[in-house]
Amino acid sequence: MITCSVHSLCGILLPGVIRTPNKGINQQELNASTEVGEGADEWTLSKTLLKPPDQLELTEAELKEEVTRILTANNPHAPQNIVRYSFKERAYKPISFVDQLAIHFSLDGNLLLRDSDEGRRQSARIDLAPVASTVIEVEETEVKEEGSKEDIPAASAEEAAEGEEPPSHSMKEQKLTNQFNFCERASQTFNNPVRERACQMEPPPRATFSATANQWEIYDAYVEELHKLEKSKEKEKQKPLVAKKEDKLRGRKLTSLESQSDDVTKVTKAAKIVERMVNQNTFDDIAQDFKYFEDPADEYRDQEGTLLPLWKFQYDKAKRLAVTAICWNPKYKDLFAVGHGSYDFMKQSRGMLLLYTMKNPSFPEYIFSSESGIMCLDIHNDHPYLLVVGYYDGNVAIYNLKKSHSQPGYKSSAKSGKHTDPVWQVKWQKDDLDNNLNFFSISSDGRIVSWTLVKNELVHSDVIRLSVEGTTLEGPEGLQLQTIGCGTSFDFHKKIDSLFLIGTEEGKIYKCSKSYSSQFLDTFDAHHMAVDAVSWNPYHMKVFISCSSDWTVKIWDHTIKTPMFIFDLNSAVGDVAWAPYSSTIFAAVTTDGKAHVFDLSINKYEAICSQPVVAKKKNKITHVQFNPIYPIIIIGDDRGHVTCLKLSPNLRKMPKEKKGQEIQKGPEVEIAKLDKLLNLVREPANKPAK
């Protein structure tokens, strides 16, 4: 089927009509041109103008006038308002698509390509037809020779007559003349041949197996299974009742983990890698800011800095739980742990322990849930896979990230000396003389407890019991009643292992030693409300910092009873932390949603950066921590969100290099810098900082 679609529009050359300028050709020349033979080349002659009888006579101005017409492929005779009934909507709907194709000429043909198989067969048949006729004639002559001799002269005469006839000339191939004389303009795209794609692999190993099963073999298999069940029941009877409950809980989770095959675990590992790659592409602009962005405006403000928000870490199941603890991993600097619970004793429910990495800010790397809220946590320095947590119900537990189950590996109980009040802080300590793991905990019940992991059991020993001085009362029958102090925070000295500080709800700070459990080395009347955090300076061995809900942050020398610096932040201070790269820089967060960064070497009286971190004023910031390597901090609030912010250059300013001198770095320089500030404050002529 050959289909031709043509619109008859003005300006298109008609078939067989050649338009050239009329130069006065007479009728004789026209007749002479028409009498030329068919074999002559028509293009060598002059072109003639065939003028239709109904052509208009136009003037020179009308001929030179340009007429612009837009050619469209739309069929002018096609209807534009076809309406059909829609059974779905039960109404007549207009049809948007209208067929614009108009067929002017259609012809069924049977053309074949000469190079095709069918074309070759037909050409072979045409060539073989004359050859076959000559073969038949030769056979007839042979038959006549075998006949009578009288026929010989007649046959020879016929052959001679045939020989006299001129041989038939083969038909020459003639090219078809182009009767239309038009040039077709079209664009053709080259379609690549379809490539067959296939993968080859080694066939799986096969082996033929044959066996017979009869009643005796089936019976023996059932007997073996019964023996195994009886042995397992005997072992369960020997275990204590307490161990049974724990084994049942662990068994359920172990069976669910064991049910997953090795292939599934491999897929999960690959999926986690792909998830990190996708997140790095999604948060590429934040990652570029984290690595390269430096606030250029810091060059024009010498005394101030800014915090650039980067990632925001959150988990759907921990939205309504406050961030109660934050801790960076000492080995993997991009990994940090977050404890979730509640500070409201009227709204206590569950808790969660989450571990995030900056490589995947959309989802936690590890998720652990607990029945009681988590109030504090700490990661071991030498074993970064061990985490110790303290619960609101007074228990402490150790999580092992190498283990696949979601329950803690070791946990205290009522028999093993758990606290009777919430555990507010836990800290890993150096291993004891027998190389057993050791950590300390403090609680509102007034006990500072040392926990040691001996033979897979947590063994406790009370280091000190807090008591409020001057509150001894006489009870019935002459009994002496002493009010118990409530511990809220503590911190161990960086160099002296036995020395540590304790903050209490009464606002006092006690300097204690592991060697003396009955009395304190010193007492500081630090704050008017509870001490929320206390921390030793990482460089200077005499200096520590404390913050409280009485809106103040104070810096102390543990050899002096009065504070060296006092800063009023106009709101309750939730947490304070020293910078790991400088002895004079620290950060504090307040319940009004602001983060404050101080640098004592630049300004001893005000913060060089006070910036809101959370969007809503109702959100309260609870904790802050500096990263040990990168210039970032993480801040947690009471809505379960953790925000990562980058410090501008002014917040981590290093000493300027003098001409001919190199910049001196190291702990000695930081100690000397802070000593210089303290000496200025100690001088009686100077006014106290406020």
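**Close-up views of a predicted protein chain**

The protein chain has an average pLDDT of 76, and 74% of its residues score at least 70; pLDDT is the predictor's confidence in each residue, from 0 to 100. This is a predicted model, in which local features need pLDDT of at least 70 and side-chain atom pairs count only at pLDDT 80 or more, while totals for chains, interfaces and linings use all residues. Residues are numbered from 1 along each chain as its sequence is written, and side-chain values use heavy atoms, with hydrogens and water left out.

**View 1. Confidence along the chain.** Strands are DSSP runs of E with at least two residues, numbered from the N terminus. Over residues 147-169 pLDDT stays under 50, and the model has two contacts beyond four places in sequence for them; a contact means heavy atoms within 4.5 Å. Residues 657-664 also stay under 50, with five such contacts. Where pLDDT is low, the predicted coordinates should not be read in detail.

**View 2. The largest cavity.** One cavity of 30 Å³ or more is found in a search of the whole structure. On a 1 Å grid over the protein atoms alone, a cavity is a set of points where a 1.4 Å probe fits but cannot get out, and lining residues have an atom within 4 Å of a point. The largest cavity holds about 50 Å³ of space, a volume being the space filled by probe spheres set on the points, which are joined across faces, edges and corners. Its lining includes Phe-293, Asp-295, Thr-306, Leu-307 and Lys-646. Strands β5 (307-313) and β34 (642-647) each supply at least two residues of this lining.

View 3. Gln-611 lies in strand β31 (residues 609-612) and is buried (under 20% relative accessible area, 1.4 Å probe, protein chains only), with a value of 17%. A polar atom of the Gln-611 side chain lies 2.7 Å from the backbone oxygen of Leu-307. Beyond four places in sequence, Gln-611 touches residues including Thr-306, Gly-593 and Ala-595.

**View 4. Ile-629 in a loop.** Ile-629 lies in the loop between β32 (621-626) and β33 (632-637). Ile-629 is exposed (over 50% relative accessible area), at 54%. Ile-629 and Lys-333 are 296 residues apart in sequence and 7.1 Å apart in space, C-alpha to C-alpha.

Conventions: On a 1 Å grid over the protein atoms alone, a cavity is a set of points where a 1.4 Å probe fits but cannot get out, and a pocket is an open set with protein on both sides within 12 Å along at least five of seven lines; lining residues have an atom within 4 Å of a point. Helices (H or I, at least four residues) and strands (E, at least two) are DSSP runs, numbered from the N terminus. A polar contact is a pair of N or O atoms within 3.5 Å; within protein, one must be able to donate a hydrogen and the other to accept it, and residues adjacent in sequence count only if both atoms are side-chain atoms.
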